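Work through the exercises below with the sequence and the model open. Each task is followed by its solution.

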Amino acid sequence: MSRYIIRRLLQAIPTLIGVSLISFFLVKSAPGDPVLAMTYDPKISQATRETLRRQLGLDQPLPVQYVRWLTGLVMRPGDATAEFSDEDTGCSYVSLLNYTFCNSGGGVLRANLGTSITTKQPVWDRIAERIPATLELTTTGLIIGLLLGIPLGVLSAVRQGSLFDNLVRFFAVVGNAVPAFWLALLLIFLFGVYLNWLPAGGRRTVSLSDEFDLVDRLRHITLPAMVLAVGWVAVLSRFMRAETLEVLHTDYIRTAKAKGLLPIQVWFIHATRNALIPLATILGPAITGLLAGAVITETIFAWPGMGRLTFDAAIQRDYPVVLGTVMIASVLVILGNLFSDILYGLIDPRVRLL
Amino acid sequence: MSVKQAEVSTTSPRGHIGPAKHLEREPQSYWRLALQSLRRDKLTLTAMVFILVLATLAALAPVLTDLLIGVGPNQTNPDNALAQPYLGPYLKWHLGVDIRTAPRMLRESGGVSHWLGTDQLGRDQLARLLYGGRVSLTIAFVAAFITVVLGVTIGTITGYFGGRIDDLFMWFINTMVSIPGIYLLIIVSAIFKPNPITLILFLGLLGWFDTARLIRGNVFKVRALDYVMAAQALGASATRIMLQHVLPNSIPIIIVNMAIDIGNLILVESALSFLGLGIQPPTATWGSMLDRAQNLLFLRDPVTSAPIALHLIIAPGILITLTVLALYLIGDGLRDALDPAMKNV
């Protein structure tokens, strides 16, 4: 098992290198000059701009910039130790290659994602302060989805062909087809504007005392979590229905029925347990869906999470933040897939992880 | 091949081996069976008709707007902004229930009948829906075509040859699917402000990964079959085997996948346009018509305090939902028709 996990983690390395390459060159190919974006003040002289550009390494070829972004290693042709001596970086001149190598102390590999252009905060801090909000929202949506989707799917399978079954299937198809943002608009209108029961956006009511207020938090999370949950219920009910239908035809279910167990026991204890196994395979890739859904839902509901951060950063062309969020999202996706494969092997002994 | 078999069995000299005369039926081919099963599937047929009608309406948008409304999709009229749909009052007028509202609305709009109302700039919503349908449907269909062409080509080649090519492409695909698609699209479109053509390219170039993986899996299965080995033994070239023997086996997957893909692309395009990143104003798409609709939710009539912009939110959303729903249903129906083993799953 541990050998399998290690192998999978090693396999993730080329993928992550690919993600970093693609996102880095994509962002670098964007029109516009990041140095000008940082120095829009007309009082800043052109010479200062060029110095800044040189300090940031933006005058260098893209591969050199990529190495710097990834490892924090700064490379300069010639002896440039004097120029960079005033910074807190260790520089050394290798005369053999006629190159100066500096250690800027940063680099993605050392968990330093750089500095945000708009707020001048470290990118990692900006993302870290947003992660709890995203986790709070996505897990709430997922839990509601699981709690509703699984029983609906199982019941619709055991009542195959009934009105209930058809309703659940209808809901599953419509739930997949309805755009999340439109559903969000309708919910905001109904509950936030027309009935005025729930707040239309935000994570909490801003107050002076800044106390944690559970009721207030719950009121804020209800609508965005509902939007996310609708997608989940649609996917999960459809999935559980198909899996349960398969399990229901097996011998051990017939045995359970013949023993005289209550139908509820047969469905929810005997059938569901086996039907749940394949669920492990979709929960990992589901992280991608969660992150994607979060972008739209968070943007509409002004939820201060990672998705909205990505959106805002892309709009403001805050490239270090964009790169950071993409890297973090990819790591989450890869870990999610690995986790779901391991989980699958753990709960189903028939699946061997080699 | 099936035709010959049927003939052999029915004209066999020992008549009792073939089916009895009254059980005889026409020889069936794969596509005829599929068509037959589709013909019985009312739901899928309804969905197909819906998409056809929608596409026709969108294609005839200029004619229809001239005929029904008389103003273009981008013609503003600030004096008549946020007018309510004219359809209801018009019907009431002609049924004699309410003879005041409709003429008053006509006066306000300067004689233009805005059947589905106007938006915050006084542009006619029906015209925008029709023209928006053109853009939305074209983008989704063309982008889906690109994803299918790329996905099928790359999936077939990697699946057939395996080895280094497969490793390289799978590395690329695994990398790309590790970045949540909407992140990539948001970044790409925020950076390169797309017009309809570049948006089609972005959607197409970033959307073929799943298709390629699906096709690759199928090609792996087919490659191991005896008839492929027979073709190889006969000395057929790799290109010929792929086009002649392997590709036809993927056609059901391609067709089903394409229908669902178009639905997904409509959703993605509308989400991007809703976020203000897709098609830029003033061009209407169903998604961009909902852009900044959030602010419209809170608009109320100062006198009656009734919401006055609801019609702007309902209509585009319903159209997106129904179109995507129809395409998903078509995908499901085609899967049932083309792959009898998948039925009722």
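**Exercise 1.** At what angle do helix α5 (residues 123-158) of chain A and helix α13 (residues 306-316) of chain A pack, and how far apart are their axes?

Solution. This is a predicted model, where local features need pLDDT of at least 70, side-chain atom pairs count only at pLDDT 80 or more, and totals for chains, interfaces and linings use all residues. Residues are numbered from 1 along each chain as its sequence is written, with chains lettered from A and ligands numbered from 1 in the order in which they are written.

Step 1. Helices are DSSP runs (H or I, at least four residues), numbered from the N terminus. Axes are lines fitted to C-alpha atoms over the stretch in contact, and angles run from 0 to 180 degrees between N-to-C directions.

Step 2. The angle between α5(A) and α13(A) is about 135°, and their axes are 7 Å apart.

Step 3. α5(A) and α13(A) are therefore oblique to each other; angles under 35 degrees count as roughly parallel, over 145 as roughly antiparallel, 65 to 115 as roughly perpendicular and the rest as oblique.

Step 4. On α5(A), the contact (C-beta atoms, placed from the backbone, within 7 Å) uses Arg126(A), Ile127(A), Arg130(A), Ile131(A) and Thr134(A), and on α13(A) it uses Met306(A), Gly307(A) and Leu309(A).

**Exercise 2.** Where in α13(B) does a kink lie?

Solution. The kink, of about 50°, is at Leu247(B), shortly before the proline Pro248(B). The bend at a residue is the angle between axes fitted to the seven residues ending there and the seven starting there. Just after α13(B), Gly276(B) has a positive phi of about 85°.

**Exercise 3.** How many residues of chain B are in contact with chain A?

Solution. 36 residues of chain B contact 38 residues of chain A. Among the elements of chain B that each supply at least two residues to this side are α13 and α15 (310-338). For the complex, the predictor gives an ipTM of 0.83.

How values were computed
Two residues are in contact if their C-beta atoms, placed from the backbone, lie within 7 Å.
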